[in-house]
Amino acid sequence: MSGHTGMHYLRHYDRTNLRGDLMGGLTVTAYLIPQVMAYSTLAGLPAQTGLVVVVVAMTIYALLGSSRLLSTGPESTTALMTAAVLAPMVAGDATRYAALATLLALLVGVYAIASGLLRFGFIGDLLSRPVLIGYMAGVAVIMITSQLGKVTGVDVAGESFLQDIQSFAGNVTVGGISWPTVTMGLSVAVLLLVFTPRFPRIPVPLIVMLLATGVVSVFNLAEQGIKTVGTVSFSGMHLGLPSLESGDVSLMLLPALGIFVVGYTDNLLTARAFAGRTGARVHNNQEFLAMGAANIGSSLVGGFPVSSSASRTVIAQASGARTQLYSLTAAALVIVSVLAFGRVIAAFPAAALGGLVIYAAIRLVDVAEFRRLWAFRRREFLLAIAATLGVLLFDILYGVLAAVAISIIEMLTRVARPHNAVLGQSPEVAGWHDVDDYAHATQIPGLVVFRYDSPLFFANAEHFTRQCLAAMHAAQPPARWLLINMEGNTEVDITGVDALESVRAQCESAGVVLALVRVKHEVIEALMVHGVGDRIGADLIYPTLPTAVAAYAAWSADQPES
């Protein structure tokens, strides 16, 4: 187990974080109780199931996770996927439905644990900064559209961004909108946006939520269409795995794999987004183990697959939380709240919760980062936009996969056509530099020093060959040596080495000596195994440019005058 887990940070706890963590836990508790109940019903299970699951998941992640802020538990995407998988399979059999939901959570946990033990965490390194920024913006928009029903009173029934928009547009009428509900939801969002940044040490979200609850009660706004959360309890809690039918495991293997991929992607992207804001580090393999343990824990209390909640995480951060002590605080407060303050929780207005989600979503959109990407490189800005659109149009899994694919393609285009240069010596700066960058750079007659700034592999092999030969043929006076500076060729594959052999053969045909300089030890080994290293000759592979240039000078002096 990595030392950088919640357990590690709790053992070395900085007490200056205590007030913020306690306030963060208190505020998140007020937010998550109705949220996880809603997600539980979204998954097709009783509302109180979500309350039990979030206590278990948050506690486990607080001890095993590598993120200091990530809030684990029921969330919308995995809840929707659970319902989408099970609803067509189970026709009205609540007991079997609950059993299969529990099995899904168990299998997701097994997949995650296995991936962590096999060290598959490197997959997370494919998620670039633009993908991360775009993903969070897409999630923010989905969060906002998912609250349209709560903050307008319009019946919205959708399982994605597009479905939510279509459902809202199809059902909205002037008479169908509950204006008291709209006023409540937007007022909460505006109050949070205005006062939370100004008073970071005060639990503004909690105060606003209690204020909204008081307003509904005092003015009897329930009669004006303001809906409340309703009854909460821990009744009907199930411990241990349920009984399963033969073939259930094989039936759930593929759906569980899909939920696992989405859940881990969500976990890692959200964790990395908030780690980037605080300078902390997220450990990919540890996230597998923490997610796996949280899902197995959920399965043991009759739960369903869990992942991370960006909205709860951002609320925790906004309330002052700095470590996972806030998650342990929230887990304890959920138990206390349900047992002691069930009536207060039942009176929470749903529209106010919708306003809280909208506030949290707006904070997820990092406009400054989009501007920074635009100023740095347009391609990276467009990659972030592609990630946002992918999440919105194709849902989270396929949107992120599409953005990652675009990121890889964009990277390949750059390494397939990298910078390359003929080098010379300039009186302005010591050493050898690109002759295009220094107008007064000079070359040694007959010696062409060429550098190719990329690993040498299949995607750029032909380009490498063309550029080498073009540099050789363009030399004036004609080239006698082609000296390839391979300091940038940190990696080679057989296609790349074949390209080097092609350059060697054409140099030989043209009567030009091919020599290499600054070759990595691993690359020399590859050249020797391939055979091109022997054909070039070990005596023409030099450690430094000065030794190579001196060798050329000595060779040139021994050549007869032409």
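Biologist: How do the residues of the lining of the largest pocket divide into nonpolar, polar and charged?

Modeller: There are 24 nonpolar, 18 polar and 8 charged. Here Ala, Val, Leu, Ile, Met, Phe, Trp, Tyr, Cys and Pro count as nonpolar, Asp, Glu, Lys and Arg as charged, and the others, Gly among them, as polar. Bear in mind that this is a predicted model, where local features need pLDDT of at least 70, side-chain atom pairs count only at pLDDT 80 or more, and totals for chains, interfaces and linings use all residues. Residues are numbered from 1 along each chain as its sequence is written, and side-chain values use heavy atoms, with hydrogens and water left out.

Biologist: Which residues lie nearest the centre of the largest pocket?

Modeller: Those are Ala38, Tyr39, Ser146, Gln147 and Lys150, out of 50 lining residues.

Biologist: Why is glutamate 369 called buried?

Modeller: Buried means under 20% relative accessible area, exposed over 50%, partly exposed in between (1.4 Å probe, protein chains only). Glutamate 369 has 11% relative accessibility, so this residue counts as buried.

Biologist: What does glutamate 369 touch?

Modeller: Arg129 and Ile133, leaving aside residues up to four places away in sequence; contact means heavy atoms within 4.5 Å.

Biologist: What makes a set of residues a nonpolar core?

Modeller: The set must be buried Ala, Val, Leu, Ile, Met, Phe, Trp, Tyr and Cys residues joined through side-chain atoms within 4.5 Å. The largest one here has 57 residues, and Leu32, Met184 and Leu364 have the most contacts inside it. Apart from it lies another core, of 48 residues, including Ala475 and Tyr542.

Notes. 1 Å grid on protein atoms, 1.4 Å probe; cavity = no way out; pocket = protein on both sides within 12 Å on 5 of 7 lines; lining within 4 Å.
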